[in-house]
Amino acid sequence: MLKKEYLLAQITELAKKFAYLIKRKSEGDDITLLANGYYRELNVSAEWLMNAECDDIMQRIGDWQLVELLVKMIIEDVRFEHNLLMIQKAQTLLFMVQELDRTYSFERIELQEKISELLKK
């Protein structure tokens, strides 16, 4: 039970930080340092993400809710905006999350549509 409570607190805290990251990005600020800090909290780095396989990412993160947040961060990270391989990796990770959590999520559908739009560019 303690592990579950810790995980929920971590997810909540990272979700708040992600919202702040989006706000800063919309204001035109450079979010690279913020994103790096959030990646560190997940025990990954932008460089590691570029080279890692999706299965390795899932294993290192360990929780599908945190992986879903990671996908959102990848999509918003300006370093990956035009990196088709990273956008495809984010899409694969999102599919893997969907397999683990089969509940219907409007947010996940919206995220999938955003990824599809990025892949069309």
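1. The structure holds one aromatic pair (ring centres of Phe, Tyr or Trp, the last by its six-membered ring, within 6.5 Å; planes under 30 degrees apart are stacked, over 60 edge-to-face, the rest tilted). The partners are Tyr104 and Phe106, with ring centres 5.1 Å apart and planes at 90°, so the pair is edge-to-face. Tyr104 counts as exposed at 61% relative accessibility, and Phe106 is exposed with a relative accessible area of 64% (buried is under 20% relative accessible area, exposed over 50%, partly exposed in between; 1.4 Å probe, protein chains only).

2. On the basis of the note: this is a predicted model, in which local features need pLDDT of at least 70 and side-chain atom pairs count only at pLDDT 80 or more, while totals for chains, interfaces and linings use all residues. Residues are numbered from 1 along each chain as its sequence is written, and side-chain values use heavy atoms, with hydrogens and water left out.

3. Phe106 also belongs to the exposed side of helix H7, together with Glu110, Glu113 and Lys120 (helices are DSSP runs of H or I, at least four residues, and strands runs of E, at least two, numbered from the N terminus). The buried residues of H7 are Arg108, Leu111, Gln112, Ile115 and Leu118. They cover an arc of only 120° around the axis, so they lie on the same side of H7 (the arc is taken over directions from the helix axis to the C-beta atoms). These buried residues pack against H5 and H6 (contact means heavy atoms within 4.5 Å).

4. Glu68 is found in helix H5 and, at 9% relative accessibility, counts as buried. Not counting residues up to four places away in sequence, Glu68 touches Val97 and Arg108. Glu68 and Glu107 are 39 residues apart in sequence and 10 Å apart in space, C-alpha to C-alpha.

5. The largest nonpolar core has 36 residues, of which Tyr39, Leu70 and Ile74 touch the most other members (such a core is a set of buried Ala, Val, Leu, Ile, Met, Phe, Trp, Tyr and Cys residues joined through side-chain atoms within 4.5 Å). Its largest share, eight residues, comes from H5. Leaving aside neighbours within four places in sequence, Leu70 is in contact with Tyr39, Leu42, Leu49, Ile57 and Ile61.

6. The charged end of Arg60 sits over the ring of Trp48, 4.1 Å from its centre (NZ of Lys or CZ of Arg within 6 Å of the ring centre and within 35 degrees of the ring normal).
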